[in-house]
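Student: I would like to learn how to read pockets and helix packing from a set of coordinates. Please take one feature at a time.

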Amino acid sequence: MATSAPVKKVPIHLQSSQNRLLIKNGKIVNDDGMEDGDVYIEDGVIKQVGRNLIIPGGTRVIDATGKLVMPGGVDPHTHLELEMMGAKTADDFYKGTRAAVAGGTTTVIDFVLPNKGQSLIEAYNNWREKADSKVCCDYALHVGVTWWSSSVKKDMEQLAAEMGVNSFKMFMAYRDSWMLDDYELMCAMEACKEIQALPQVHAENGHIIARNTQRLLARGVTAPEGHLLSRDEEVEAEAVNRACVIANQVNTPLYIVHMMSKSAVRALQEARRRGQKNPVFGETLAATVGTDGSHCRNACFRHAAAHVLSPPLRADPATPEAIVEALADDVLQVIGSDNCTFHEKDKELGKDDFSKIPNGVNGVEDRLAVLWQKAVNTGVMDPCRFVAVTSSTAAKIFNMWPQKGRVAVNSDADVVVWDPRLERTISAATHKQAVDFNIFEGQKVVGSPQYVIVNGRVCLDDGVLRVAEGSGRFIKTPANSPYVFGGQLPGAAAPEAHLTIETPTKYTNGNTPSPDLTLVNKHLEGMALASGMSTPTGRKMREPGQRDQQKSSFSISKEVEGPETKTSVRVRNPPGGKSSGLW
């Protein structure tokens with residue numbers, strides 16, 4: 001289990017709210033099941049979980065009747081207080097983590113991105129200096145490998161051994177700033193393998209993007225749509241495949257950040273089908289499931305530019321649903337935000353040249369609500385799988401579990417009381433982020449946090465946000481994560497299996513769900529969940545007459561199976577993403 005930095009002295013006005021708290025009558029949801037029960041918290045730690053708890057006097061009680069009690073979200077991908085492309089993000093570590101808490105996320109993992117030639121240690125120290133005095137929730141750090149030398153390798157070793165960093169990100173894009181070539185990428189992956197750290201990649205072909213950009217600008221294409229045209233799905237899919245090949249040559253696990261397209265997911269599936277030696281984890285974003293690339297063609301520059309990020313949102317309107325299916329089926333394992341926000345004035349740096357638009361969108365605040373609306377309310381995903389992809393699996397991958405990502409005795413008291421009937425409309429006018437635009441503007445969501453507890457403190461109190469700047473902690477993420485280096489492959493399927501991101505595979509723990517189990521559905525007409533522990537299926541049970549989501553005519557492996565055959569594989573697998581080895 002991960003260890004945290006020494007606990008800071010808590011301001012006097014926060015001590016009473018931190019001391020003792022009882023959450024009663026809720027439905028406790030973890031990635032491996034649901035149960036009715038109470039949760040008792042003391043001094044920032046979960047002390048008791050169950051029924052008829054014996055608690056001391058003076059304990060505050062939160063009635064969670066009709067609510068879900070879940071672990072706080074873990075956002076594995078944020079860029080707070082980042083300077084890039086001549087601009088600085090609107091959300092710093094205070095405003096960004098404040099917004100995260102408002103949305104139910106209680107831990108973020110940000111990226112240290114050194115300049116070319118800069119010491120990784122120096123950059124890490126700069127990030128710690130920026131963040132430690134501002135964060136409102138706990139945070140950890142990935143570190144980017146933006147150039148390569150023997151000194152970079154030594155810095156990586158020191159970061160893993162002494163400074164609590166177990167993941168390093170390499171860019172296959174941004175040719176003129178952060179990109180590594182394939183030789184350097186392979187060297188960096190080899191260094192990760194030696195220190196048992198997880199290599200991450202931004203998978204796009206930077207050379208193709210650079211040339212496409214030159215050609216488009218020469219033709220007079222300068223609007224934000226040019227960003228989308230310069231890096232189509234094939235450009236992302238090629239890089240995903242190449243990254244998997246290099247990782248397989250090195251014999252290391254791999255984590256692919258912000259997968260944005262069906263083509264990229266197909267490439268990931270195909271790599272697994274060929275037989276990756278180690279896990280390859282796939283991450284997607286709230287933006288990917290909550291909106292699409294059609295906005296980049298909007299005639300209003302402000303609107304179009306606000307949707308520019310890399311890889312881009314895809315114009316194919318079927319992409320959001322397909323990505324949700326991939327998350328539900330463990331083809332993709334986690335959902336982050338890639339929160340990297342820029343004000344309108346900063347986006348206007350690219351008014352006459354799309355390649356100069358600072359890349360990034362919001363998402364840290366709305367990540368959970370958007371996925372709940374798109375996945376749970378539509379019946380594609382059950383609450384257990386929702387907890388897995390928004391919290392537990394990231395905590396496991398980055399070696400913070402069960403300190404983070406679980407409602408259990410001795411876990412950190414990072415807890416969300418989720419009201420599945422709470423209706424609201426997302427808007428920049430009401431969000432807590434500093435940025436002046438919201439890519440989910442006007443979307444109605446049903447399901448949001450009512451209470452958010454961070455390290456035992458009630459920070460969202462019946463909808464009222466109360467956070468303290470600098471109250472969060474830096475969380476070390478030790479190397480050699482058992483979940484990553486334990487040899488179990490996520491999203492694995494038999495080599496002869498039919499592979500498609502539209503065809504779901506239900507993940508269970510091997511038991512048959514009780515016939516009276518009714519998962520939260522899109523109408524939210526009641527939570528008639530069986531008392532005691534409920535068996536998660538990963539998906540809502542299909543109603544009579546509802547479309548059978550197991551059937552699809554789309555396949556990426558027609559060459560594997562005959563034209564009249566449609567094989568599939570059922571994997572016994574808990575919702576956290578563990579697989580029993582059918583490859």
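Student: What percentage of the residues in the protein is buried?

Tutor: A residue counts as buried when its relative accessible area is under 20%. This is a predicted model, and buried residues make up 63% of its 583 residues.

Student: How many helices and strands does the protein have?

Tutor: There are 16 helices and 19 strands.

Student: How does one find empty space in a model?

Tutor: Rolling a probe the size of a water molecule over the atoms shows where empty space is left. In this model, the largest pocket has a volume of about 750 Å³. Its lining consists of 33 residues, and Met85, Tyr174, Arg175, Asp176 and Ser177 are the closest to the centre.

Student: Which elements give two or more residues to the lining of the largest pocket?

Tutor: They are strand β7 (83-84) and the helices α3 (120-131), α6 (206-218) and α7 (225-230). Helix α6 provides the largest share, five residues.

Student: Which classes of residue line the largest pocket?

Tutor: Sorted by class, the lining holds 14 nonpolar, eleven polar and eight charged residues.

Student: What is the volume of the second largest pocket, and where should I look for its centre?

Tutor: The volume of the second largest pocket is about 360 Å³. For its centre, look by Ala102, Glu365, Arg424, Lys432 and Gly463, which lie nearest to it among the 19 lining residues. Strands β16 (415-425) and β17 (444-454) are the elements that each contribute two or more residues to this lining. By class, the lining of the second largest pocket has six nonpolar, eight polar and five charged residues.

Student: Now to helix packing. At what angle do α14 and α15 pack, and how far apart are their axes?

Tutor: The angle runs from 0 to 180 degrees between N-to-C directions. Helix α14 (residues 367-376) packs against helix α15 (residues 383-397) at about 140 degrees, and the axes are 11 Å apart. The crossing of α14 and α15 is right-handed.

Student: Which residues make the contact between α14 and α15?

Tutor: From α14 come Arg367, Leu368, Leu371, Trp372 and Val376, while α15 supplies Pro383, Phe386, Val389 and Thr390. By class, this contact of α14 with α15 has seven nonpolar residues, one polar and one charged.

Terms used: Residues are numbered from 1 along each chain as its sequence is written. This is a predicted model: local features need pLDDT of at least 70, side-chain atom pairs count only at pLDDT 80 or more; totals for chains, interfaces and linings use all residues. Side-chain values use heavy atoms; hydrogens and water are left out. On a 1 Å grid over the protein atoms alone, a cavity is a set of points where a 1.4 Å probe fits but cannot get out, and a pocket is an open set with protein on both sides within 12 Å along at least five of seven lines; lining residues have an atom within 4 Å of a point. Grid points are joined across faces, edges and corners, and a volume is the space filled by probe spheres set on the points. Helices (H or I, at least four residues) and strands (E, at least two) are DSSP runs, numbered from the N terminus. Ala, Val, Leu, Ile, Met, Phe, Trp, Tyr, Cys and Pro count as nonpolar, Asp, Glu, Lys and Arg as charged, and the others, Gly among them, as polar. A crossing is left-handed if the near helix is turned anticlockwise from the far one by less than a right angle, and right-handed if clockwise. Contact means heavy atoms within 4.5 Å. Buried means under 20% relative accessible area, exposed over 50%, partly exposed in between (1.4 Å probe, protein chains only).
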